[in-house]
Amino acid sequence: MLDVLGLEPDDERVYRALLGRPNSTANLLADPSVLPQAHVDNALSRLVEWGLATRSADQRFTAAPPAMALGALISQRRDGLRMAEHALVTFAEEHRAAMTGSSISDLIEVVTGVDAIRHRFLQVQQAARTEVRSFITAPFVALPPDENTAEPVAIGRGVHFRAVLDRAVLAEPGIVDDAIESLGKGVHLRVADELPMKLVLADADLGLVPLAVTAAGEPGAVLLHRSGLLDALDALFETVWRTARPLELSGTGGETHTTVEVGTEGPTDLDRRILALLLAGLTDLTAATQLGLSPRTLHRRLRHLMDLAGVRTRMQLGAHAVRNGWAEVP
């Protein structure tokens, strides 16, 4: 647990033992079945050096209060990270200056193989300081959305995520649940009729574009550094984002339903999810499958919504839903 502060496992183990046994000797803390004497001696020396323990003249050790000792280490590490962030900005500017006039090979890196693409995909997100933008299309060659471990970590440090989904992606198994989870974390999702490519952008500095499978049968991709080509992809994303439809889904009502609530005064959460998927362009069958409903139940919900809206056609229902916010999650 304390390895993030630079402590080794033995250090943490001995420090915890000291917390419950103040004024102990090294011999009292050693347990051959758990930690040999030599390991305890080395750990105690490091704890004293780090200020996490004190040593008396008769070689007895006492743990320093955690709030004081560990608090100081955390503050030092936090200060160090701030200095590293400042250094990162400086290094990035130096890198951009050095890249000016560089050859094409310096601006474009070819990545081959599933593992290499997955590694670069995660790295691009880890490098982002403010925003990650992406085009998501099927099939998922390197990394399915539910295995994107870099996304929650980046969100945790304040990075914003915007993604445009190809409409066909919404028919992939489990994708609606993944979208609901991402929306709950603050990710902004939109849907486009068709996307020209897969794409991941980190700020305005890095871009990863997966390519077709190579002649050897392996998938390939290119990693782009700041350049005119990357600027063009930046502009492409923003253009598609402006014309794509926002995806709004609720986490309620996603289980398989044997009976369905019928709202008399307005749409239920399930109704809102149905409308959101249909407005995003899914077929009735695909929407029903994603929501765990039978097509008959979905059609019954739609007829009920048309009665509530006082309309006679699906098109009129869609217009009414958009005007009155029926497809939006409260």
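Helices (H or I, at least four residues) and strands (E, at least two) are taken here as DSSP runs, numbered from the N terminus, and by that convention S134 is found in strand 4. The structure is a predicted model, in which local features need pLDDT of at least 70 and side-chain atom pairs count only at pLDDT 80 or more, whereas totals for chains, interfaces and linings use all residues. Residues are numbered from 1 along each chain as its sequence is written, and side-chain values use heavy atoms, with hydrogens and water left out.

**The chain as a whole**

- The protein chain holds 13 helices and ten strands.
- Of its 330 residues, 42% count as buried, where buried means under 20% relative accessible area, exposed means over 50% and partly exposed lies in between, with a 1.4 Å probe and protein chains only.
- Among contacts in the protein chain with a separation of 6 or more, 71% are accounted for by residues 24 or more positions apart, contact meaning heavy atoms within 4.5 Å.

- S134 in strand 4 counts as buried at 12% relative accessibility, and, with neighbours within four places in sequence left aside, S134 is in contact with R162, A163, V164, L199, V200 and F237.
- L195 is found in the loop between strand 6 (188-192) and strand 7 (199-202), and is buried with a relative accessible area of 9%.
- The C-alpha atoms of L195 and F135 are separated by 7.1 Å, although these two residues are 60 residues apart along the chain.
- Leaving aside neighbours within four places in sequence, the contacts of L195 are F135, I136, T137, V164, L165, D166 and V240.

**Salt bridges**

- The count comes to 16 salt bridges, each defined as a side-chain nitrogen of Lys or Arg within 4 Å of a carboxyl oxygen of Asp or Glu.
- D234 forms a salt bridge with R133, with the closest N and O atoms 2.7 Å apart; this pair links distant parts of the chain, since D234 lies in helix 9 (residues 228-243) and R133 in strand 4 (residues 131-136), 101 residues apart.
- The two partners fall into separate accessibility classes, because D234 at 22% relative accessibility counts as partly exposed, whereas R133 is buried with a relative accessible area of 4%.
- The side chains of R162 and E238 also meet in a salt bridge (2.7 Å, N to O), and this pair again links distant parts of the chain, with R162 in strand 5 (residues 160-166) and E238 in helix 9, 76 residues apart.
- Both R162 and E238 are buried.
- A further salt bridge joins the side chains of K185 and E181 (3.4 Å, N to O), and here K185 counts as partly exposed at 36% relative accessibility, as does E181 at 47%.
- Salt bridges that share partners join E131, R133, R162, D234 and E238 into one network.

**Helix 8**

- S182 has its place in helix 8 (residues 175-184) and is buried, with a relative accessible area of 15%.
- When its neighbours within four places in sequence are left aside, S182 is in contact with E151 and V187.

- Strand 9 (residues 219-225) is mostly covered, seven of its seven residues being buried.
- P219, A221, L223 and H225 point one way from strand 9, while G220, V222 and L224 point the other way, and all are buried.
- Strand 3 (residues 108-112) and strand 9 run antiparallel and are joined by five bridges, two strands being paired if DSSP finds at least two bridges between them.
- Within this arrangement, T112 stands opposite G220 in strand 9.

**Packing of helix 10 with helix 12**

- Helix 10 (residues 269-279) and helix 12 (residues 295-309) pack at an angle of about 95°, with their axes 11 Å apart; axes are lines fitted to C-alpha atoms, for helices over the stretch in contact, and angles run from 0 to 180 degrees between N-to-C directions.
- Helix 10 is therefore roughly perpendicular to helix 12, given that angles under 35 degrees count as roughly parallel, over 145 as roughly antiparallel, 65 to 115 as roughly perpendicular and the rest as oblique.
- D271, I274, L275 and L278 in helix 10 meet L298, R301, L302 and L305 in helix 12.
- The residues of this contact divide into six nonpolar, no polar and two charged, where Ala, Val, Leu, Ile, Met, Phe, Trp, Tyr, Cys and Pro count as nonpolar, Asp, Glu, Lys and Arg as charged, and the others, Gly among them, as polar.
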